[in-house]
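Here is a short report on one protein model. Look over the sequence and the structure first, then read on.

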Amino acid sequence: MADNPQRRISFASVASEESTSSSSSGESVSGWLSDTSTITRNWFSVTQLKHVRNLDGSFPVWFHGVMSRDEAVRLLEDQAKGYFLLRVSDTEAKFILSIKAKEPPDQEVLHYRIRQTKNGNHLVWGESRAHRTILDLIQYYKSNHLSNWNGLLTEPLHAAEGLHA
């Protein structure tokens, strides 16, 4: 399927931007909270960038940046069972693991929120095992089942080349 890069934030540029999360004295809290894209960008660049980059500074091929649930379904629905991607939610500051759950023609795609614990580890909501990094979490579920899905992460759905610049 064709990729739609206009629906994504360029994380390479976000990583180099200065954080703008502090509010001025005249700015309303409700206005600041309603700007989800700025909140998400700041959350990602300030707290999460280091957790998703490879050692060489590139992004893993399965990382798709900010993406809606519908877009993830569109990209995964015709793939084989076990194809997956990691995205940043377009509605909240969270990583989401999206997985093709069944073989075609079934188009079911599952979406799992990833939570960061107080000590900085990552875990899939509803699961008990925490992982030091997002990379460790992805590796773990390539050989271990999620508690409510009888499948493994098999193939990453490759992101657009521009995301990895």
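Over which residues does pLDDT stay under 50? The stretch is residues 1–35, and the model has 47 contacts for it beyond four places in sequence. Here pLDDT is the predictor's confidence in each residue, from 0 to 100, and contact means heavy atoms within 4.5 Å. The mean pLDDT of the protein chain is 77. Of its residues, 75% reach 70 or more.

This is a predicted model, in which local features need pLDDT of at least 70, side-chain atom pairs count only at pLDDT 80 or more, and totals for chains, interfaces and linings use all residues. Residues are numbered from 1 along each chain as its sequence is written, and side-chain values use heavy atoms, with hydrogens and water left out.

**Salt bridges**

The whole structure holds 5 salt bridges. The term covers a side-chain nitrogen of Lys or Arg within 4 Å of a carboxyl oxygen of Asp or Glu.

| Pair | N to O distance |
|---|---|
| Arg74 and Glu71 | 2.8 Å |
| Lys102 and Asp106 | 3.9 Å |
| Lys102 and Glu108 | 3.4 Å |

Arg74 and Glu71 both sit in helix H4, 3 residues apart, about one turn of the helix. Helices (H or I, at least four residues) and strands (E, at least two) are DSSP runs, numbered from the N terminus.

Is Glu71 buried or exposed? Glu71 counts as buried, at 7% relative accessibility. Buried means under 20% relative accessible area, exposed over 50%, and partly exposed in between (1.4 Å probe, protein chains only).

Salt bridges link Lys102, Asp106 and Glu108 in a network. Lys102 is partly exposed, with a relative accessible area of 39%. Asp106 is partly exposed at 31%. Glu108 is partly exposed, also with a value of 31%.

Gln79 is found in the loop between helix H4 (69–76) and strand S2 (83–89). Which residues does Gln79 contact, leaving aside its neighbours within four places in sequence? They are Lys100, Lys102, Pro104 and Leu157. Gln79 counts as buried because its relative accessible area is 19%.

Ala159 lies in the segment after strand S6 (155–156). Ala159 is buried too, at 9% relative accessibility. From Ala159 to Arg87 the separation is 72 residues in sequence. In space, the two are 10.0 Å apart, C-alpha to C-alpha.
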